[in-house]
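Visitor: I have a fold on screen and a few minutes. Can you walk me through it?

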Amino acid sequence: MSETARPDADANVAAVPGGAAAGAVTVEAVHLFPTTMNTYGDRGNVAALTRRAALRGLTVRWHAVELGDEPPARCDLVFMGGGQDRVQHAAAADLARLRPWLEGVIADGGVVFAVCAGLQLLGRRYVAADGSELPGLGLLDLETLAARPGEWRLIGNVVADVPGLDDAAGAGRDGSHLLVGFENHGGRTFLGDTRPLGHVRLGFGNNGRDGGEGVNAGRLIATYLHGPVLPKNAWLTDHLLALATAHAGGGALAPLGHAREDAAQREAVLVAERDAARRSRGRRFARLRRRGTP
C-alpha cells in the first residue's frame, strides 16, 4: 500500500511552506495487518499521520504488511492497530516471524506505535480466562490478563494527563499534554519495568486499578485508545512524526496549527465528563436501592 495525503485548503490548519524538514525526506512507514487489526477506525491514525506530514510538505510512504507478507528493509515508523480476540492468535504467530525485523527497526531508532491488541501483543503474554497463554513478543515489560468471571469490559471515553514530551508541541505550562480517546477492552494490562503513557483522569486505563494508560518506552509508544486516537490528539501525531522524520534524516518539523483537532479534543473531554457523571449517578442510585432493600 502506498498512501500519501494531499494538502488541503483548511482555514484552521494551513500548509506550511519551507521548514527544516519540508520536502527533504520520505518517511517510510509500515502498517502492520491493516485488514485484520483495524478495530474502531484505527486506520484513521494512518490518515492523521499522512495528512499532518503532507501539510508540512513531507511525504509518508505507507507499506501494508498483511499476514505472511515481507516488510520493507528500511522503516522509520511502524503502526499496528487493534483487533478482536479471534484474530489475535493469527497476528501473534505472524509477529513471532517478524520479531527479528521489528527488533531491528527499534534498535535502529525507528518508532513503533500500537493500539489496544497491538499493545497486548508487544508484551510478554496474554493469559486467557481459562488459564491458557498466548505468548507475546516481549518487547514491552507488561502482561495482560483476561477479565475474570463477573468482571466487566473496560469501555468508555478516556481523558488522561501525559507528562511532557520534548518535541511534542502544544504542551501545558507544566510540560504535560491531554490525551483523549475511546477504550473497549476486556483484558487488564499490568506494567512491569516500564512507564505508562498517561495517567487517567476519566475512564479506566490499562486495568482500571492503577490509573495508568498505555505505555511510553521512548520510541515504542502504545495506548488502549481508539476513536481513532490521533485525529483528536495532534500533539501525539506530531511527536510520532518528529521521531520518524528524524530517523529518516530530516530536520525539525515546521510549526503547524491544530485548531480543529483541539476542538475535537474539547468535545471528547465533555463527552467523557458526561459519561463519568452518568456512571456516578448510576452507582449512587444502586447504593440507595440496596440500602432500601430489606
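Visitor: Of the contacts in the protein with a separation of 6 or more, how many are between residues 24 or more positions apart?
Guide: Those account for 74% of them. Bear in mind that this is a predicted model.

Visitor: What's the secondary structure count, in helices and strands?
Guide: The protein has 5 helices and 14 strands.

Visitor: And what share of the residues count as buried?
Guide: 48% of the 294 residues.

Visitor: Let's do pockets. What volume does the largest pocket have?
Guide: About 230 Å³. It is lined by 19 residues.

Visitor: Which of those lie nearest its centre?
Guide: Asp85, Arg153, Asn184, His185 and Gly186.

Visitor: Which elements give two or more residues to the lining?
Guide: Helix 2 (85-107), helix 3 (117-122) and strand 9 do.

Visitor: How does the lining split by class, nonpolar, polar and charged?
Guide: There are 7 nonpolar, 10 polar and 2 charged residues.

Visitor: Let me zoom in on Asn184. Where does it lie?
Guide: In strand 9, which covers residues 177-185.

Visitor: Is Asn184 buried or exposed?
Guide: Buried. Its relative accessible area is 13%, and the cut-off for buried is under 20%.

Visitor: With which side chains does the Asn184 side chain make a polar contact?
Guide: One is Tyr40, at 2.6 Å. Another is Arg153, at 2.9 Å. Arg153 is also among the residues nearest the centre of the largest pocket.

Visitor: What else is Asn184 in contact with, leaving aside neighbours within four places in sequence?
Guide: Besides Tyr40 and Arg153, there are Cys116, Leu154, Ile155 and His226.

Visitor: Cys116, then. Where is it found?
Guide: In the loop between strand 4 (111-115) and helix 3. Cys116 is buried, at 8% relative accessible area.

Visitor: What's its phi?
Guide: Positive, about 55°, although Cys116 is not a glycine. Most residues other than glycine have a negative phi.

Visitor: Peptide bonds next. Which one is cis?
Guide: The bond from Gly227 to Pro228 is cis, with omega near -5°. Most peptide bonds are trans.

Visitor: And where does Pro228 sit?
Guide: In the loop between strand 14 (220-223) and helix 4.

Visitor: Good, helix 4. How many residues does it have, and how far does it reach?
Guide: Helix 4 spans residues 234-247, so numbered, with 14 residues. From first C-alpha to last it reaches 20 Å, close to the 20 Å expected at 1.5 Å a residue.

Visitor: Why call helix 4 largely enclosed by the rest of the structure?
Guide: Because 12 of its 14 residues are buried. Among them are Trp235, Asp238, His239 and Leu241.

Visitor: Which side chain is joined to that of Asp238 by a polar contact?
Guide: That of Arg52, at 2.8 Å. Leaving aside neighbours within four places in sequence, Asp238 is also in contact with Arg56 and Leu253.

Visitor: What follows helix 4?
Guide: Gly249, whose phi is positive, near 100°.

Visitor: And Ala252, buried or exposed?
Guide: Exposed, with a relative accessible area of 55%. Ala252 is in the loop between helix 4 and helix 5 (259-292).

Visitor: How far is the Ala252 C-alpha from that of Leu241?
Guide: They are separated by 9.8 Å, and the residues are 11 apart along the chain.

Visitor: Last one, back in helix 2. What is Ala92 in contact with, leaving aside neighbours within four places in sequence?
Guide: Leu121, Leu134 and Pro135. Ala92 is in helix 2 and counts as buried, at 11% relative accessibility.

Visitor: How far apart are Ala92 and Leu121?
Guide: 29 residues in sequence, and 6.4 Å in space, C-alpha to C-alpha.

Definitions and conventions:
Residues are numbered from 1 along each chain as its sequence is written. This is a predicted model: local features need pLDDT of at least 70, side-chain atom pairs count only at pLDDT 80 or more; totals for chains, interfaces and linings use all residues. Side-chain values use heavy atoms; hydrogens and water are left out. Helices (H or I, at least four residues) and strands (E, at least two) are DSSP runs, numbered from the N terminus. Buried means under 20% relative accessible area, exposed over 50%, partly exposed in between (1.4 Å probe, protein chains only). A polar contact is a pair of N or O atoms within 3.5 Å; within protein, one must be able to donate a hydrogen and the other to accept it, and residues adjacent in sequence count only if both atoms are side-chain atoms. Contact means heavy atoms within 4.5 Å. The expected span of a helix is 1.5 Å times one less than its number of residues. On a 1 Å grid over the protein atoms alone, a cavity is a set of points where a 1.4 Å probe fits but cannot get out, and a pocket is an open set with protein on both sides within 12 Å along at least five of seven lines; lining residues have an atom within 4 Å of a point. Grid points are joined across faces, edges and corners, and a volume is the space filled by probe spheres set on the points. Ala, Val, Leu, Ile, Met, Phe, Trp, Tyr, Cys and Pro count as nonpolar, Asp, Glu, Lys and Arg as charged, and the others, Gly among them, as polar.
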